[in-house]
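Colleague: Please take a close look at one helix and its surroundings. Cover what packs where, and give the cut-offs as you go.

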Amino acid sequence: MTIQAFEDTHYALEGSTPDSRLRSLMEEHGLRQRDLLDVFGSSGIASEVVSGKRAVSKTQAKKLAEIFHVHADLFL
């Protein structure tokens with residue numbers, strides 16, 4: 001089995017949304033919204049992004065990608 005096939009089988013993103021992926025990564029890393037204030041700038045914006053009420057900006061996606069060691073596209 002190739003790496004891509006393994007990832008597609010075990011880590012499929014179909015049906016997930018940027019905010020659900022962010023929440024999943026936060027849970028995996030034991031982070032809370034307040035831990036990402038450097039990314040979002042305020043607790044209000046962090047709350048809106050995590051709840052899916054606000055989209056992640058390209059700048060925020062790049063910062064999140066660095067934190068979680070994933071591609072920024074995951075959040076866009």
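Modeller: The buried residues of α5 pack against α2, α3 and α4. Contact here means heavy atoms within 4.5 Å. Buried stands for under 20% relative accessible area, exposed for over 50%, and partly exposed for the range in between, with a 1.4 Å probe and protein chains only. Helices are DSSP runs of H or I with at least four residues, strands are E runs of at least two, and numbering starts from the N terminus.

This is a predicted model: local features need pLDDT of at least 70, side-chain atom pairs count only at pLDDT 80 or more, and totals for chains, interfaces and linings use all residues. Residues are numbered from 1 along each chain as its sequence is written, and side-chain values use heavy atoms, with hydrogens and water left out.

Now the faces of α5. Gln60, Ala61, Leu64, Ala65 and Phe68 are its buried residues. They sit on the same side of α5 because they cover an arc of only 140 degrees around the axis. That arc is taken from the directions from the helix axis to the C-beta atoms. An α-helix has 3.6 residues a turn, so residues three or four places apart point the same way. Thr59, Lys62 and Glu66 are exposed on the other side of α5. After the helix comes His69, with a positive phi near 60 degrees.

Next, the core. A nonpolar core is a set of buried Ala, Val, Leu, Ile, Met, Phe, Trp, Tyr and Cys residues joined through side-chain atoms within 4.5 Å. The largest one has 15 residues, and those with the most contacts inside it are Leu22, Leu36, Phe40, Leu64, Phe68 and Phe75. Two or more residues come from each of α2, α3 (37–40), α4 (43–51) and α5 (58–68). Leaving aside residues up to four places away in sequence, Phe75 touches Pro18, Leu22, Leu25, Val56, Ala61, Leu64, Ala65, Phe68 and Val70.

Last, the charges. A salt bridge needs a side-chain nitrogen of Lys or Arg within 4 Å of a carboxyl oxygen of Asp or Glu. The whole structure has 2. One joins Arg23 to Asp19, with the closest N and O atoms 2.8 Å apart. These two lie 4 residues apart in helix α2 (residues 18–29), so about one helical turn separates them. Arg23 is partly exposed at 37%, whereas Asp19 is buried at 18%. Glu48 and Arg54 also form a salt bridge, at 2.8 Å from N to O. Glu48 is partly exposed at 31%, and Arg54 is partly exposed at 38%.
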